[in-house]
Amino acid sequence: MLFVNRTQRFARRVVLFVTLVVLLPLVSQAQTFQTERGHAEFRSEVPLHSFTGTSENLVGQIDLMDHTVDFYIDLNTLKTGIGKRDKDMKKTLDTDQYPFAEFFGQLVTPFDTNSHAVQPAIVRGEFKIHGITKQVEITGSLQKTADGIRVQAAWELDLDDYDIEPPSLLIVKVNPIQDIQIDALLSPVPVALGQ
Amino acid sequence: MTLRSLLLTLLLVSVSTPLLAQIPRQRAVTNEPAEIFWAPTLVHTSTVTNLPRKNLNFTIMHAFGVVSNGVEDLFGLDGAANIRFGLDYGVTDRLSIGFGRSRFDKLYDFRFKANLLRQTTSNSVPLDVAIKGDVGINTIKNGFDFNDRLSYLAAVMVARKFSDKLSLQVTPMFSHFNTVFILRGADGEIIEEENDHIAVAVGGRFLLSERWGLVAEYIPVIGSRSDDTNDTLSLGLEVETGGHVFQLFFTTSQWMTEQHTIARNADDFFNGDIRWGFNVNRVFGGH
C-alpha cells in the first residue's frame, strides 16, 4: 500500500512536470512579440549638408513576461541613396568584421497591455556596434495595436564612443553624433511556431 | 529538497531559460544590383551604371590635343581641347535623363538611359542590360535648318561583373547624322561621309584596389564608314574618392558623344594620335 502511494505521488509529479514543461513556453510565447522588417534610420550631418541612411531589416523581439528587449540590424542593409557613400559607410563601420548593430536589455517601465494608448518606455541594456559594447538607456514609446506592439525610439549615437572614425566629405568631417531612429511593429509570436 | 524535486526544478529552469536568450544573429539575405562600374561613363561610352532615383550626376569630360605635338604644345595641353559639361538625373533607379554641352560643334545633347536587366549580387540575374538614346544638336551659326543639325545614337549596353575586380561591357551602337558632307581633302582626294554607322564597343575595368582601377575601351566601326575615320581606343586609370569618380586616360578621339566618336574620329591611336583626357563625375544625392 505504501508502495502504491509513492507510485501515485510520483506519477502526479510527472504529470505536473510535463504540464509545466508544455505550458510554460506557451504562456511565455503569448507574451512575445517579434519582427524582422522593422525600420531603422540614421541621420548624419556635415556643415550645410545632411543625409539619411535607412533599412527595413530591423529584427527585434520584446518579451513582456521577462521584460527582455532584443534588437539587431545587419548594417549592410543600410542605404543612403548613393552607392559609393554606402560603400564608404560599410568600410567606416567595418561591416565585414562587425556586421551588426545590436541592443539587448530590459524594459524598465511598466507596459499596460490592455491600453491602446502610446505609452512612454525606457529600456536599459547593452548597445553594441563596431565590436564595442556600451551600457545605454534609451527612451521611446510602446503602443498596443490590433496587430501587435508598435515600438518607436530615438537616440543619439556618438561614433567616438565606439571607435568609429567619422568619414570625411571633401575636407569636412561628418559630425560624430548620429541621430538614430527605429520604428517597428512587432507581431505576437504564434504558439505553434514558437515551440 | 529531494533529489527528484531538484531535478524537476533544474529541468524547468533549463526549459524556460532559452526564452531569455537573444535572437540568433543572422546576416540579411540581400539580392541587390551589382556595382558593375563606378560611373555612368567608361571613357567615351556610357556604362550600364545608372543613377539612383533623385540622384544628380555632374560630369566634366575633357580631351586635349595630341601628345605627338611635343613639348612645344606641352604634349597637347596647348592644343584645342574639347570639353563637355553634363547633368544626368535619376528619374527612377532604372531610368535617367540628361543633357550636356560640348565645345566642338557647340553641341547640345539630350539623352536617356534605362536598365532593362540588372545583374544581382546573388547572380540570379547574370547580366546587366541597358539601352541609351541620345540626340545631338549642332548649334554652330551656319544657316542650317534645325533638322539638318541633328544627330542620333541608339545603344544597347550588355555588361557583367565577373568578379570583384573584373567588369566587362559590350555595346552595339547605331548612329545617324541628318546631314553629311562630301569634302575635298588636302591632297585633293574626295572625303565622303556616311549618314549611318554601326559600331560594337567593348570596354572593361580591372580593379587594382578599392579605389583604383584600369579601364580600357575600344570602339570599332562595323561595315561601311565615313572616309578618313578610325576606330577609337582608350586606356586609362579610374579613381574613386568617395564623392567623385575621376577617369584619367589616353585616347584617340576628342569627341564626347558616342555618335560623334563613331562617325567623326579621324585620329589613329597606333599612328601616334594619342591625347590626354579626363572625366570627372560627381554624384549629388537627393535621398
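The model is predicted.

**Chain A**

Chain A holds three helices and ten strands. Read from the N terminus, the order of elements is α-β-β-β-α-β-β-β-β-β-β-β-α. The chain has 195 residues, and 43% of them are buried. Take the contacts in chain A between residues at least 6 apart in sequence: 58% of these join residues at least 24 apart. The accessible surface of chain A comes to about 10500 Å². Carbon and sulfur atoms supply 58% of that area.

**Nonpolar cores**

Which residues touch the most other members of the largest nonpolar core? They are Ile62(A), Phe127(A), Ile129(A), Leu142(A) and Val151(A), in a core of 36 residues. Strand 7 of chain A (residues 148–158) gives the largest share of this core, with five residues. Beyond its neighbours within four places in sequence, Ile129(A) contacts Leu75(A), Leu93(A), Phe100(A), Ala101(A), Tyr162(A) and Ile164(A). A second, separate core has eleven residues, among them Ala34(B), Phe37(B), Val215(B) and Phe249(B).

**Aromatic pairs**

Over all chains, the structure contains twelve aromatic pairs. Two of them, both in chain B, are set out here.

| Pair | Centre to centre | Angle between planes | Geometry |
|---|---|---|---|
| Phe58(B) and Phe85(B) | 6.4 Å | 10 degrees | stacked |
| Phe104(B) and Trp255(B) | 5.5 Å | 80 degrees | edge-to-face |

Phe58(B) sits in strand 1 of chain B and Phe85(B) in strand 2 (residues 82–90), 27 residues apart. Phe58(B) is partly exposed, at 29% relative accessibility. Phe85(B) is partly exposed too, at 41%.

Where do Phe104(B) and Trp255(B) lie? Phe104(B) is in the loop between strand 3 (95–102) and strand 4 (107–117) of chain B. Trp255(B) is in the loop between strand 14 (244–251) and helix 2 (258–264) of chain B. The pair therefore ties together parts that are 151 residues apart in sequence. Both Phe104(B) and Trp255(B) are buried.

Chain B also has an aromatic cluster, formed by Phe64(B), Phe250(B), Trp276(B) and Phe278(B).

**Surface patch**

Six residues of chain B form a nonpolar patch on the surface: Leu56(B), Tyr89(B), Val91(B), Ile97(B), Phe112(B) and Phe284(B). Together they have about 480 Å² of accessible area. Leu56(B) belongs to strand 1 of chain B (residues 56–66). Leu56(B) counts as partly exposed because its relative accessible area is 30%, which lies between the cut-offs of 20% for buried and 50% for exposed.

Conventions: Residues are numbered from 1 along each chain as its sequence is written. Chains are lettered from A and ligands numbered from 1 in the order in which they are written. This is a predicted model: local features need pLDDT of at least 70, side-chain atom pairs count only at pLDDT 80 or more; totals for chains, interfaces and linings use all residues. Side-chain values use heavy atoms; hydrogens and water are left out. Patches are made of residues with over 30% relative accessible area and no salt bridge: like charges are joined within 9 Å, nonpolar side chains (Val, Leu, Ile, Met, Phe, Trp, Tyr) within 5 Å. Accessible areas come from the Shrake-Rupley method with a 1.4 Å probe; for residues, only the protein chains shown count as cover. A salt bridge is a side-chain nitrogen of Lys or Arg within 4 Å of a carboxyl oxygen of Asp or Glu. Helices (H or I, at least four residues) and strands (E, at least two) are DSSP runs, numbered from the N terminus. Buried means under 20% relative accessible area, exposed over 50%, partly exposed in between (1.4 Å probe, protein chains only). A nonpolar core is a set of buried Ala, Val, Leu, Ile, Met, Phe, Trp, Tyr and Cys residues joined through side-chain atoms within 4.5 Å. Contact means heavy atoms within 4.5 Å. Rings of Phe, Tyr and Trp (its six-membered ring) pair if their centres lie within 6.5 Å; planes under 30 degrees apart count as stacked, over 60 as edge-to-face and the rest as tilted.
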